[in-house]
Amino acid sequence: VVNPELAGAYLFGDFCTGRIWGARPDASGVWTATQLLDSPYLISTFGEDEDGELYLADYGKGAVYRFVGKQAGSSWQILNFSKPPLTSSSPLDVPD
């Protein structure tokens with residue numbers, strides 16, 4: 001898992017505000033959500049690749065972004081992964 005602090009968390013975001021949360025159940029099964037990030041994106045979906053990297057898609061710019069782990073004392077970061085805008089004739093440039 002690339003971001004071990006997110007292992008087992010359910011991620012969700014708000015399309016209008018761009019806020020991203022992670023939720024986990026405690027030992028009794030009660031779920032608690034924590035806001036991870038206040039982003040500028042119109043979040044349409046989240047994804048995970050085979051290496052455990054986490055991504056989100058921004059409906060507004062047609063771009064895909066990658067979650068980057070937290071540094072000590074800092075908040076979550078998201079990096080641009082694609083070269084927007086994507087069209088049906090321009091394939092996603094995925095690094096090896």
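Q: What is the relative accessible area of phenylalanine 15, and how do I read it?
A: Buried is under 20% relative accessible area, exposed is over 50%, and partly exposed sits in between, using a 1.4 Å probe and protein chains only. Phenylalanine 15 comes out at 36%, so it counts as partly exposed. Bear in mind that this is a predicted model: local features need pLDDT of at least 70, side-chain atom pairs count only at pLDDT 80 or more, and totals for chains, interfaces and linings use all residues. Residues are numbered from 1 along each chain as its sequence is written, and side-chain values use heavy atoms, with hydrogens and water left out.

Q: Where in the chain is phenylalanine 15 found?
A: Strands are DSSP runs of E, at least two residues long, and helices are runs of H or I, at least four long, both numbered from the N terminus. Phenylalanine 15 is in the loop between β1 and β2.

Q: Which residues is phenylalanine 15 in contact with, beyond its sequence neighbours?
A: A contact is heavy atoms within 4.5 Å. Setting aside neighbours within four places in sequence, phenylalanine 15 touches Tyr41, Leu42, Ile43 and Tyr59. With leucine 42, 27 residues away along the chain, the C-alpha separation is 4.8 Å.

Q: How many bridges join β1 to β2?
A: Two strands pair if DSSP finds at least two bridges between them. Here β1 and β2 (residues 19–25) run antiparallel and share four bridges; phenylalanine 12, for instance, is bridged to tryptophan 21 in β2. The two strands make a hairpin with five residues between them, and glycine 18 in the turn has a positive phi of about 85°.

Q: What lines the second largest pocket?
A: Rolling a probe the size of a water molecule over the atoms shows where empty space is left. On a 1 Å grid over the protein atoms alone, a pocket is an open set of points where a 1.4 Å probe fits, with protein on both sides within 12 Å along at least five of seven lines; lining residues have an atom within 4 Å of a point. The second largest pocket holds about 210 Å³ of space. Twelve residues line that pocket, and the closest to its centre are Leu6, Ala9, Leu11, Glu48 and Leu54. Both β1 (10–13) and β4 (43–48) supply at least two lining residues each.

Methods:
Points joined across faces, edges and corners; volume = space filled by probe spheres on them.
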